[in-house]
Amino acid sequence: MLVVEDQDFMRRALRDYLQSAYPDAAIIEAADGARALELCRSRSPQLVLMDVGLPDANGIDLTAQVKEMLPETAVIIVSQHAG
């Protein structure tokens with residue numbers, strides 16, 4: 001699993017929750033879009049939790065890039081934004 005979230009607190013909270021729910025899962029993290037794409041290329045995660053607002057990318061656009069690269073990967077968009 002890949003957690004893509006720019007806010008350290010939220011990224012760690014998601015990671016910790018997922019690790020407690022799935023103790024055998026490998027959970028990797030990215031704080032920006034460039035790192036997320038790098039990890040997708042090198043690690044091919046089965047699931048990505050994607051923030052919408054990243055410092056260097058729009059999470060919706062980044063999701064399209066991930067799905068083009070890894071069509072079988074599931075992506076769940078997560079956001080604190082009301083919109």
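Q: If angles under 35 degrees count as roughly parallel, over 145 as roughly antiparallel, 65 to 115 as roughly perpendicular and the rest as oblique, are helices H2 and H3 roughly parallel or roughly antiparallel to each other?
A: This is a predicted model, in which local features need pLDDT of at least 70, side-chain atom pairs count only at pLDDT 80 or more, and totals for chains, interfaces and linings use all residues. Residues are numbered from 1 along each chain as its sequence is written, while side-chain values use heavy atoms, with hydrogens and water left out. Helices (H or I, at least four residues) and strands (E, at least two) are DSSP runs numbered from the N terminus, and axes are lines fitted to C-alpha atoms, for helices over the stretch in contact, with angles running from 0 to 180 degrees between N-to-C directions. H2 and H3 pack at an angle of about 10°, with their axes 11 Å apart, and therefore H2 and H3 are roughly parallel.

Q: Which residues in H3 are met by residues of H2?
A: Contact means heavy atoms within 4.5 Å. From H2, the residues involved are Gly 33, Ala 36, Leu 37, Cys 40 and Arg 41, and in H3 they meet Leu 62, Gln 65, Val 66 and Met 69.

Q: Which residue in E4 is the bridge partner of Val 48?
A: Val 48 belongs to E3, where Val 48 is the bridge partner of Leu 2. Turning to E4, the bridge partner of Val 48 is Val 75.

Q: How many of the 5 residues of E3 are buried?
A: Buried means under 20% relative accessible area, exposed over 50%, and partly exposed in between (1.4 Å probe, protein chains only). E3 is largely enclosed by the rest of the structure, because the number of its 5 residues that are buried is 4.

Q: How far from Asp 51 is the nearest side chain of opposite charge?
A: Lys and Arg count as positive and Asp and Glu as negative, whereas His and the chain ends are not counted. A salt bridge is a side-chain nitrogen of Lys or Arg within 4 Å of a carboxyl oxygen of Asp or Glu. Asp 51, which is placed in strand E3, is buried yet has no salt bridge, and the nearest side chain of opposite charge, Arg 11, lies at 8.4 Å.

Q: Is Thr 73 buried or exposed?
A: Thr 73 is found in the loop between helix H3 (59-69) and E4. Leaving aside neighbours within four places in sequence, Thr 73 is in contact with residues including Pro 45, Leu 47 and Val 66. Because its relative accessibility is 4%, Thr 73 counts as buried.

How values were computed: Pairing = 2+ DSSP bridges.
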